[in-house]
Amino acid sequence: MAKIELRNITKKFGGFVAVDNLSIDIEEGDFITLLGPSGCGKTTTLRQIAGLETPTTGEILIDGQVVFSSEKGIDVSPAKRNCGFLFQNYALWPHMTVYQNIAFGLENMKWPKDKIDARVKEMLALLKIEEFPDRYPAELSGGQQQRVAIARTLAPSPSILLMDEPLSNLDAKLRLEMRTELKRLHHETGATFVYVTHDQLEAMTLATKICLLKNGLLQQYAPPLTVYNTPNNTFVADFVGNPSINLIECEAKVLGSNKVELKHGSMDVTVTTDAPVPEGAQKFILGIRPEHIAIAETGIPVTVASSLPSGMETNLRLSIGDRELNSVVFGSIDYKIGEKLNIAFTSKSLNLFGENGEFLTTCGVEG
Amino acid sequence: MKVSFKLRSFLKKPQNIILCIMFLFLAYLTLIPMIIMIKDTVTVHASEAMRLKKPIGSFTLNHWFKVLFDKENSWSIFYKPFINSLITSLGACLISLVVGGVYAWLITRTNIKYKKALSTLFIFPYIMPSWTLALAWFNIFKNSLVGGTPGMFASLTGIEPANWFAYGAFPIALVTGLHYAPFAYINIGGILRNMDANLEEAALMLKSTRSRIVRKITIPMVLPAILSTFLLVFSSAMSSFAVPTFLGLPVRYQVLTTQLYRTMNGSQKGQGYAMALIMIIIGVGILAFNQRMTGVRKNYTTITGKSSNIALVNLKKARSVISIIAIILVLIVSVFPLISFALESIILRPGNYSPSNFTLQFWIGTSEQNKIANSEPGILLNPGLWRALWNSIKLSVVCAFSAGTLGFLVGYAIVRARGTKLSTAVDNLAFFPYLMPAMAFSAIYLSMFSVRRGIIPSLYGSFFILVLIGTVKYMPFASRAGINSMMQLSNQIEEAGEIIGVSWWKRMTKLVVPIQKTSVISGYLLPFISCMRELSLFVLLVTPQNRVLTTLLFQYNEKGWSQFSNGINLLIVIIVIFVNTLVNKLTGASIDKGIGG
């Protein structure tokens, strides 16, 4: 029903390329997050789907209907694309009450008064803002304004909901609460959600699929755990996960088609790869998630550079020669700075990247 | 003990000292004159003693009676001018809002061509003195029906413009409206430009039609700006004196200000004061209403969104035509008046525009050559004119310096002590002169300082009284600019200096002033230019020795020496534009960026 297809979308502002030849399919009922650092083109992409921005070239289809095509000269007005849009700053109309804000879209669709009234009340209840129909936006807190904005967007039951960093203006606690709320809303409405964020945690926790962009170029388009476990390149690997992944440039000796010896400082390990690696390669980048570094009896010798216990887990910085590694140890435990420890890489699905950062294969340490 | 401690810690803060001094200063120069003037409306003056058969200084209600309830007198000296004032002011409001609003919309929201040139030229009439367009209109459309020479239009076409077209309500409303149109343009355009585009996009996403967006979102959002422009233009138009003098007097079309001038200059001072008081009440009423309307409940602060690239309305085929019409209209009101002044100042016999009639003798002729103009030497050789020019510049510089400095200090102190009673009191006192029609304000000063009061001698006829009234009248420009910019400046910037022991003087000169440079300079620029082109504030107070350029222009105009008045006008316009451009280029401050009238 509400499928979105982007075909070779390019958007240029003057000489600056904001979105570079982007093609993705968003399936009905998906919860997609457009993720990336600021200026990577994610908001532009969202606004192009809505019709608020015109792509320089390319084609956009919604429900199989072409809503934009630079070749065919089609550009359907935003009002006719049946999308809801949630703005970063809410864009509530300051001169209208909460009720009037929510009813506005329904009035545009020429609903009868009693149906509008029923729908607005339903939305007020859904978003838990029943007490405020007669207030003006300026009289509400940030979280309440946010709820009104969501109610206003959802009232006409759009089959696609586009959201532009809707939680970035909220405080941490409220943000957590609203995330749960959004996931619930996604489940209840069954609409297709496209969500822009620069917060990788938000993207990971909310999405059914993450679309990661950098400088307008698609980096990876996959479910969150796939992105986390097998990132397409070192940029993606580094962008998702907190504390961030350890990317260790290693001197390599290929011992067989599935066996590589990797050296860096005091580290010297042999890994078995799940796919063959190019013969003769001399340098690899080994990607190890912090939770895959365990404190062991024997193994690679390290020195504790810092220890940050938070009760449930402890974040460690461990130095091996000229660089430090992030590690997370679960449980209530603390280490002294300068303490000597040994570590082992526990996972069988470490990431191995080529010299230029492209993903090669997963691998595990022998033994 | 406790009280003295409280007092000491109160006086430790520099803002409190500033507020205390300024409170006394402003109370003396605004409140007390008001009280004295109110008393003057019920007192018998020297010139009235004979007629009223009462001793000088005794109590009388005759002035109020004459102004408001006398069958023959009231209509001609109050009600008729009052109605005329209402008509011309409302007309001016309408014209300025429509013209300014349309230009604002065209420039911010459509793909019209020549945007840069349009917006620069459109501001021009606002920088020029308010009567510029009036004088230009007079030059072009004056007719010989009321005596005198025909204007350019009649001379070139042979058609005499009708009286209603050449003089009176229609041209007064039109030129006043055009003069304030840039003000509407700045206010409405500012909101349109800064308005969060998301607000309109949100409506579009909810399937609203374009026309419903304009009706339900755009107009309500600019409505506060429209309303406050309306009120400010209305009160400025009400207090305008020069325009109705040029365009109303030839057909004896009196408005409140011109009638007030007549009354004050005649022997009916008491009636004049009563009229001035009514004008003040109207002015204060309008602006108090404006402040109330800028409501609290519906907060219009616009958080600017990141999507500033709102889709411009495509004018399509009409684009070129509209662009060209827009630019021609702007040229007519901004550049053409100057050409007209230059032309009028070099023709020997008024009304004859053939090159053979051109002469430079009104600029550079000696008194022997200028027999027709009562042997008045040409503008550039005229010692009286040079003295007036010097007076104008001296007065403007002194007023700008004192109003700018005091205004900034007041703005600083008000913001720093915000929320206290004293701060609110000084805020209101400092803004009060802005609400008062200039002519009425000068009537107050005439009343207050024309006789010795305690240790202060009679100041009438002195240069000092002009400085005093200029300073108080223009201080709101500087204090508003100061308040607005100080609001943006976090207290912490100063506290960071305070904590390492930087003295207040140093904090001001090294931190606050450099950061607020632009608004400080506008605080000086606005009073300077306003003073340079001020007529109604000074016309009652000047004497032949301290004449300024504007009052000299006024006198030449009264005598009907159009070459001189046009020449001087050109001179004033050039000085004003030159200073504004110079300061703008050097510092970025400009008169059109502040409040003003």
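## A first look at chain B

Chain B contains 27 helices and zero strands. Its radius of gyration is 26 Å, close to the 25 Å that the globule rule gives for 597 residues, so chain B is as compact as a globular protein of that length. Please keep in mind as you look around that this is a predicted model.

**Overall build**

- The C-alpha trace of chain B spans about 75 × 70 × 50 Å along its principal axes.
- Among the 597 residues of chain B, 48% count as buried.
- Taking the contacts in chain B with a separation of 6 or more, 74% come from residues 24 or more positions apart.

**Two domains**

- The domain assignment divides chain B into domain 1, given as 16–34 + 394–597, and domain 2, given as 61–344.

**Where the domains meet**

- Domain 1 of chain B brings 29 residues to the contact, and domain 2 of chain B brings 33 residues.
- On the domain 1 side that touches domain 2 of chain B, the elements giving two or more residues are helix H21 (438–449) and helix H27 (562–587) of chain B.
- H27(B) gives the most to that side of domain 1, with ten residues.
- Sorted by class, the side of domain 1 of chain B that touches domain 2 has 17 nonpolar, ten polar and two charged residues.

Definitions and conventions
Residues numbered from 1 in each chain as written. Chains lettered and ligands numbered in written order. Predicted model: local features only at pLDDT ≥ 70, side-chain atom pairs only at ≥ 80, totals over all residues. Domains from an automatic or database assignment. Contact = placed C-beta atoms within 7 Å. Helix = DSSP H or I, 4+ residues; strand = E, 2+ residues; numbered from the N terminus. Nonpolar A, V, L, I, M, F, W, Y, C, P; charged D, E, K, R; others polar. Rg over C-alpha atoms; globule rule 2.2 N^0.38 Å. Buried ≥ 20, exposed ≤ 12 C-beta atoms within 10 Å, placed from the backbone.
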